[in-house]
Amino acid sequence: MNAVPRTRSLTALLLAVLVLVLTTAFAPGASAQTSVSTIARALRTGPVYVDPAASAQLSRADAAALTDRIKKANKPLFIAVLPAGYPTAHLFADLRAATGITGLYGIRLGDRFDARADASVMTPTARQNLVNSVQGEDARAQLTDFTDRALANLGGHAPRGWHAADESGGSGAGLIAVGAVLVVGGAGAYALVRRNRRRREEEQRAALERLRVVVDEDITAFGEELDRLDFHPAEPGADDAMRADYAHALDAYETAKQRMAEAARPEEVRPVTEVLEDGRFSLARLAARRSGRPLPERRPPCFFDPRHGPSVADAVWTPPGGAPREVPVCAADSARLADGLDPVIRQVDTEQGRRPYWDAGPAYGPWAGGYFGGGILPGLLVGTLLGSMMATPSYAADYGAGYGDFSGFGGDHQGGDVSGTDFDPGDFGGGFGDGGDFGGGGDFGGGFGD
């Protein structure tokens with residue numbers, strides 16, 4: 001007679017336990033958050049991970065679009081979208097250690113965003129400028145902008161694991177499709193290829209001619225500097241070091257003229273501006289020796305106009321409508337900025353009139369890349385027209401591989417499936433807002449964990 005009450009009591013007890021379990025599992029701030037190992041496993045097979053508890057921030061369609069864009073670019077960019085309450089201590093370092101893959105890691109945590117990178121694929125300065133440029137945006141816009149700008153400036157290659165599934169499936173169907181195209185429309189496809197090739201050649205010739213005007217101005221300006229130098233190798237006080245600097249500058253001038261005369265494609269302009277930058281540095285060394293001053297350190301040229309010569313300092317500058325960034329400046333422009341004046345900016349011809357070179361279009365990419373190699377250019381160009389155009393897949397295809405190596409971050413680095421970290425202590429260690437390597441959280445727009 002007591003069987004029914006006992007059964008009801010047992011059922012009620014089981015229901016109570018079930019309610020308690022479900023309440024605990026889905027309560028805000030529950031301890032059962034996704035582990036770093038789980039996130040790392042997901043990132044090993046694809047570049048974007050959206051935590052189930054943060055699915056409202058980024059839709060599946062948007063996540064798929066970012067995934068497709070990153071895979072097509074073949075760059076080691078990793079994005080994780082996590083809930084606001086996710087623990088932040090050592091998050092970047094632990095995630096990087098768990099994946100074991102060299103790359104750039106961006107994390108959206110609630111409404112905050114930050115990123116860290118191996119120095120072999122992006123410098124700390126470029127990475128910080130990139131992060132600053134996307135602050136304050138909603139998740140979709142922020143991650144889209146971050147992806148576009150990062151892909152334009154990121155070195156290395158995507159891990160092989162991302163493409164393993166794609167390569168294993170559908171390969172037979174792909175061969176059949178290619179064969180069908182060749183059989184059915186071979187003549188038409190060949191004509192289309194020839195037409196596209198001619199179009200690219202015409203665009204490259206036009207880009208080269210625009211570049212030729214600017215580079216000729218640079219070569220002429222450098223020649224005038226040599227004329228004004230008034231240095232004679234046999235003059236009293238001249239030593240072998242001075243004569244070597246002078247000879248090197250003269251060689252740079254002649255080499256620049258020769259290479260520009262022989263240039264047949266836009267990307268062949270980059271070695272011309274590289275040698276001009278090297279020649280101007282030789283003149284700076286010669287000037288220091290003649291006046292008895294310490295030899296200058298090797299620095300990039302003035303960002304505002306490379307004809308100003310080697311920079312002497314870094315100054316904070318904000319382009320119209322853009323985010324603040326540090327740029328290398330010559331002494332004259334440093335003084336102008338300190339006085340609240342505008343720097344003297346290099347203007348070039350465009351269809352819309354004279355514009356700063358960074359807002360003049362993709363043709364000026366090789367010209368700028370020759371002057372600002374070694375990893376500085378990506379951070380300087382974030383948010384500019386040239387930087388945005390470099391993010392498009394057609395940019396490298398239309399203008400050649402010589403345009404794509406602006407990063408100077410070791411572009412041949414595999415970004416492989418297993419690699420040791422080279423994060424320096426000030427870049428990727430420590431934790432969010434824990435007083436560690438992220439500046440006490442200052443790098444995260446207020447910091448995780450504050």
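Predicted model: local features only at pLDDT ≥ 70, side-chain atom pairs only at ≥ 80, totals over all residues.
1. Four strands make up an open sheet with mixed pairing, and their order is 1-2-3-4. Strand 1 (48-50) and strand 4 (112-117) are the edge strands, each pairing on one side only. On average, neighbouring strands of this sheet are turned by 10° against each other, direction ignored.

2. Next, a pair inside that order. Strand 2 (residues 77-82) and strand 3 (residues 104-109) run in the parallel sense and are paired over six bridges.

3. Two packed helices are described by the angle between their axes and the distance between the axes. For helix 2 (residues 36-45) and helix 4 (residues 91-99), the angle is about 55° and the axes are 9 Å apart. The two helices are therefore oblique to each other, and helix 2 passes helix 4 in a right-handed crossing. On the helix 2 side the contact is made by V36, I39, A40, L43 and R44, and on the helix 4 side by L91, D94, L95, A98 and T99. By class, this contact of helix 2 with helix 4 has seven nonpolar, one polar and two charged residues. As a reminder when reading such lists, an α-helix has 3.6 residues a turn, so residues three or four places apart point the same way.

4. How are helix 3 and helix 6 oriented to each other? Helix 3 (residues 60-73) and helix 6 (residues 139-153) pack at an angle of about 0°, with 11 Å between their axes. Angles under 35 degrees count as roughly parallel, and that makes helix 3 roughly parallel to helix 6. Helix 3 contributes D62, L66, R69, I70 and A73 to the contact, while helix 6 contributes R140, L143, T144, T147, D148 and L151. The contact of helix 3 with helix 6 divides into five nonpolar, two polar and four charged residues.

5. Helix 9 (residues 240-262) and helix 10 form another packed pair: their axes come within 8 Å and cross at roughly 160°. Helix 9 and helix 10 are therefore roughly antiparallel to each other, and their crossing is left-handed. Among the residues that meet here are A241, Y246, A252 and R259 in helix 9, and V272, L276, L283 and R290 in helix 10. By class, the contact of helix 9 with helix 10 has 13 nonpolar, four polar and six charged residues.

6. A quick geometry check on helix 10 (residues 270-291): at 1.5 Å a residue, its 22 residues should span 32 Å, and its end C-alpha atoms are 32 Å apart, which agrees. After helix 10 comes G292, whose phi is positive, near 75°.

7. Finally, a hairpin. Strand 7 (residues 347-350) and strand 8 (residues 353-356) run antiparallel and are joined by four bridges. Two residues lie between strand 7 and strand 8 in this hairpin. T350 stands opposite G353 in strand 8.

Note on methods: Residues numbered from 1 in each chain as written. Heavy atoms only, no water. Axes fitted to C-alpha atoms, helices over the stretch in contact; angles between N-to-C directions. Parallel < 35°, antiparallel > 145°, perpendicular 65-115°, else oblique. Left-handed = near helix turned anticlockwise from the far one by under 90°. Contact = heavy atoms within 4.5 Å. Nonpolar A, V, L, I, M, F, W, Y, C, P; charged D, E, K, R; others polar. Expected span 1.5 Å × (residues − 1). Pairing = 2+ DSSP bridges.
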